[in-house]
Amino acid sequence: MANEVQIPLDPNPLGPMEPIFFTGTITPLSQVYANFVRSKLFGKHVREALARGILIASIDANEAKDIARIANVKSDETAERQDNLEECWNAVVSETTDGAEVIEARVDTEGVRQTSLSARLLKDFTDRLTKAQLIKFLAGEDIEVTVTSDFNTPPKVMGSIVENGNIARCYVGAAIPPSPPTGFEYGTQAAYDAIKKLEGTLSTQSTNTGVNASVPWHVIQFNGLWILEKNFPSIFKNATTTAEKVAIVKNKISAMTYTINGKGSGPSSTSTTMAVWQNTIWTGNVTKTGTTIQEFKQTPSQYSNKIDANGLVNLIFYSTASDGTVTSSVSIDYTSIDLTVKFNISDFVATKAQHEELKAYVDAKDSQIASLISSKTKPILNEIKFIGHRGMSYDAPENSTPAFQLTGSSKAAFWGCETDVRLTKDGIWVCMHDDTIDRTTNGTGKVSELTLAQIQSYKIDTGNNLSFWDKTTLIVPTLEEYLRVCRNAKVIPVIELKAATKAADYDSFMSVIKKMGFESKAVVLSDYVNLVELRKRSEVINFHLATTGISTTTINQAIALRNCAITAQNTTLTQALVEQAHEAGLEVSTWTVNDIPSTELATWYGVDYITTDAGAGRFINRSKTFTLRKEANAAMTSHNRYASETPKLTWDTTLNETRVSFDYPFYDDLNFGATAYLSTHTATKDAGYTFSTHGEDPNGFYLVCYKNNVKFNPLTTNSENFWISILVEAF
């Protein structure tokens with residue numbers, strides 16, 4: 001036709017539609033507008049169809065975002081429910097009267113006995129499980145969790161497998177041992193301490209000079225059975241023999257990785273080898289050369305055959321043999337094992353009903369949950385009841401009125417105040433540890449052979465900060481006077497009954513306790529014989545049974561006494577013994593614990609009471625106070641009497657400022673913060689002195705001193721003269 005318009009072909013036509021257009025999901029409205037674009041003849045309609053298609057695509061995209069946001073919120077809610085589960089389930093357990101509690105596995109991986117299974121589960125898994133794993137776990141599906149074990153967590157004690165079941169051995173022989181040895185354990189605690197952390201301290205085994213063809217070696221035995229029993233004891237609920245338990249270990253471990261950081265040397269090379277015991281041979285050799293510490297690491301494809309009949313994974317680490325002239329040596333800096341464990345919730349919950357109840361409480365709501373969860377961030381030391389040993393004897397003479405008064409101070413922060421009591425010749429109970437007054441006063445004689453008037457005619461002349469206290473306060477107090485001080489200081493009296501031999505003694509002691517209104521409030525600490533007599537005279541008085549160690553016998557004695565905790569010296573305690581007492585329903589008290597490592601170890605064991613000389617404020621207070629005094633021609637020092645502790649003062653030559661370091665660092669929370677507040681004496685201000693602080697952290701802060709706006713060093717013996725008070729508050 002003459003008027004026909006010829007439309008040229010597109011030089012780059014579209015190819016066939018991609019597969020996604022057939023497999024993907026296209027909303028019906030989007031399909032409508034796509035068809036409009038294909039079929040409309042007029043540009044206006046085509047453009048409108050394109051526009052609507054773009055708008056529909058935008059709506060779809062935003063709906064997808066909303067879905068994603070909702071999914072994320074749900075995921076966060078799942079995490080919140082994970083946190084809530086611990087307290088919700090605890091509430092259920094605490095409210096039941098029929099003893100319905102999830103099975104006995106309530107000890108978490110830090111050795112702390114939780115109040116219920118759910119508490120233990122969430123305590124252990126909060127950091128380990130992803131949200132997806134948690135959902136699978138609660139749904140009853142298998143999940144995998146990796147646990148790491150070494151010689152540091154918990155700290156290994158030489159010769160003991162109670163605290164840490166892993167063992168290290170070393171020796172020199174004509175060859176490496178043909179099988180894992182049972183002797184030659186590390187002979188010193190220092191050797192174990194050297195392999196606890198990767199920090200350059202080595203545990204070394206060397207050949208003797210002049211000995212030919214000797215091979216030095218270490219054997220590291222990671223106790224897989226102990227590791228799993230410690231972390232997941234409930235998976236062994238149906239096993240009674242070692243063989244049955246080891247079979248479970250082999251079944252549950254789905255992967256392992258073992259590592260030794262070390263080095264070796266010999267006459268001809270620095271070649272060092274790590275191998276693992278498999279059935280009947282050492283195999284899987286990892287060999288390296290070099291004079292520096294190197295990582296020897298292996299993840300075997302088969303792992304059940306690396307676990308022996310006792311549940312041990314045995315590693316050997318050795319260097320080349322000596323030649324009679326040049327010695328050989330092999331050293332370990334650190335070693336660890338990662339075990340991946342497969343399990344599901346049925347391993348932890350005894351019955352289907354308990355399983356369903358645990359899952360149901362994921363959705364529970366409780367108005368108290370938020371505050372309970374926030375309280376979990378506090379240091380565990382806050383949960384210990386600290387008792388002042390013979391009062392606050394770190395700052396005042398033992399068993400003196402000042403020592404008793406100080407137990408209620410912020411620095412002491414004691415729950416209880418302990419004293420020892422003995423009878424005078426005239427039948428008055430007095431506070432005295434020894435059977436004589438010779439050691440602590442300027443008098444002599446046995447307490448039982450002196451009257452109260454005679455004893456109080458002497459002065460206490462031995463103890464800390466003796467010169468600070470008014471001499472009129474330094475007389476031996478009576479039991480009544482001690483109880484009055486405890487009431488005023490708002491601390492619990494903890495009275496060690498030292499010498500009672502006849503019925504009249506017990507009667508007179510209980511008469512004082514009842515007269516002062518402490519029958520149901522005080523704690524009496526003594527041996528079994530004394531406590532039996534006191535129980536005859538009171539059904540409500542609280543006891544702490546003094547023992548030489550926790551045992552089946554002493555546990556049964558405490559149970560028979562009723563309302564009784566069990567007390568043992570800290571050096572006799574183990575985690576297993578503390579747990580044995582707890583299983584019997586008894587609280588555990590220990591004495592006398594003054595250093596931080598021993599306090600932390602006792603806390604690790606799970607003790608309920610700690611008796612100490614030095615005060616609990618250093619562990620649990622969230623504030624510190626200092627008075628710093630600078631006199632002319634002397635360096636600035638801390639005035640100990642008004643300090644929560646004695647800080648260390650050093651000069652930072654880079655900043656030209658004073659670093660104030662705490663004796664006892666704040667126990668650091670995840671979001672630690674602190675502020676220092678200064679109070680300056682008027683005369684100090686008038687003399688032109690000003691001060692500022694910065695850099696507060698758990699260990700201390702920086703103090704900047706100015707005179708007429710010029711910075712100076714207060715630790716030198718210059719002519720400056722001032723004093724300031726400092727309050728540091730942590731938050």
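Me: How many helices and strands make up the secondary structure of the protein chain?

Reply: The secondary structure of the protein chain comprises 20 helices and 28 strands. Helices (H or I, at least four residues) and strands (E, at least two) are DSSP runs, numbered from the N terminus. This is a predicted model, in which local features need pLDDT of at least 70 and side-chain atom pairs count only at pLDDT 80 or more, while totals for chains, interfaces and linings use all residues. Residues are numbered from 1 along each chain as its sequence is written, and side-chain values use heavy atoms, with hydrogens and water left out.

Me: What share of the protein chain counts as buried?

Reply: Of its 731 residues, 46% count as buried. Buried means under 20% relative accessible area, exposed over 50%, and partly exposed in between (1.4 Å probe, protein chains only).

Me: Why is S393 called buried?

Reply: The relative accessible area of S393 is 10%, and the limit for buried is under 20%; S393 is therefore buried. S393 is found in the loop between β11 (385–388) and α11 (401–406). Not counting residues up to four places away in sequence, S393 touches E398, N464 and D613, where contact means heavy atoms within 4.5 Å.

Me: What makes a set of residues a nonpolar core, and which members of the largest one touch the most other members?

Reply: A nonpolar core is a set of buried Ala, Val, Leu, Ile, Met, Phe, Trp, Tyr and Cys residues joined through side-chain atoms within 4.5 Å. The largest such core has 68 residues, and L479 and F509 touch the most other members. Helix α13 (residues 479–489) supplies the largest share of this core, six residues. Apart from it lies another core, of 42 residues, among them Y186, V246, Y258 and F317.

Me: How do you know that the buried residues of α13 line one face of the helix?

Reply: The buried residues in α13 are L479, Y482, L483, V485, C486 and A489. Seen down the axis of α13, they fall within an arc of 160 degrees, so they line one face of the helix; the arc is that of the directions from the helix axis to the C-beta atoms. They pack against α11, β12 (416–423), β13, β14 (492–497) and α14. After α13 comes K490, with a positive phi near 60 degrees.

Me: What puts the buried residues of α16 on the same side of that helix?

Reply: In helix α16 (residues 552–561), T554, I555, A558 and L561 are buried. They cover an arc of only 125 degrees around the axis, and therefore lie on the same side of α16. On the other side of α16, T552 and T553 are exposed. The buried residues of α16 pack against α15 (528–535), β16 (542–546), β17 (564–569) and α17 (575–583).

Me: Why is the pair of W429 and F509 called edge-to-face?

Reply: Rings of Phe, Tyr and Trp (its six-membered ring) pair if their centres lie within 6.5 Å; planes under 30 degrees apart count as stacked, over 60 as edge-to-face and the rest as tilted. The structure holds 18 aromatic pairs. For W429 and F509 the values are 5.6 Å centre to centre and 75 degrees between the planes, and the pair is edge-to-face. W429 lies in strand β13 (residues 429–431) and F509 in helix α14 (residues 503–515), so the pair ties together parts that are 80 residues apart in sequence. W429 is buried at a relative accessible area of 4%, and F509 is buried at 0%.

Me: What makes the pair of Y689 and F722 tilted?

Reply: Y689 and F722 are 5.2 Å apart centre to centre, with 50 degrees between the planes, and form a tilted pair. Y689 is in strand β25 (residues 689–697) and F722 in strand β28 (residues 722–730), 33 residues apart. Both Y689 and F722 are buried.

Me: Why is strand β5 described as largely enclosed, and with which strands does β5 pair?

Reply: Of the 13 residues of β5 (residues 253–265), 10 are buried, so the strand is largely enclosed by the rest of the structure. Two strands pair if DSSP finds at least two bridges between them. Strand β10 (residues 329–343) runs antiparallel to β5 and is joined to it by 12 bridges, with Y258 opposite I337. Strand β8 (residues 294–298) pairs with β5 over five bridges, also in the antiparallel sense, and G262 stands opposite Q294.
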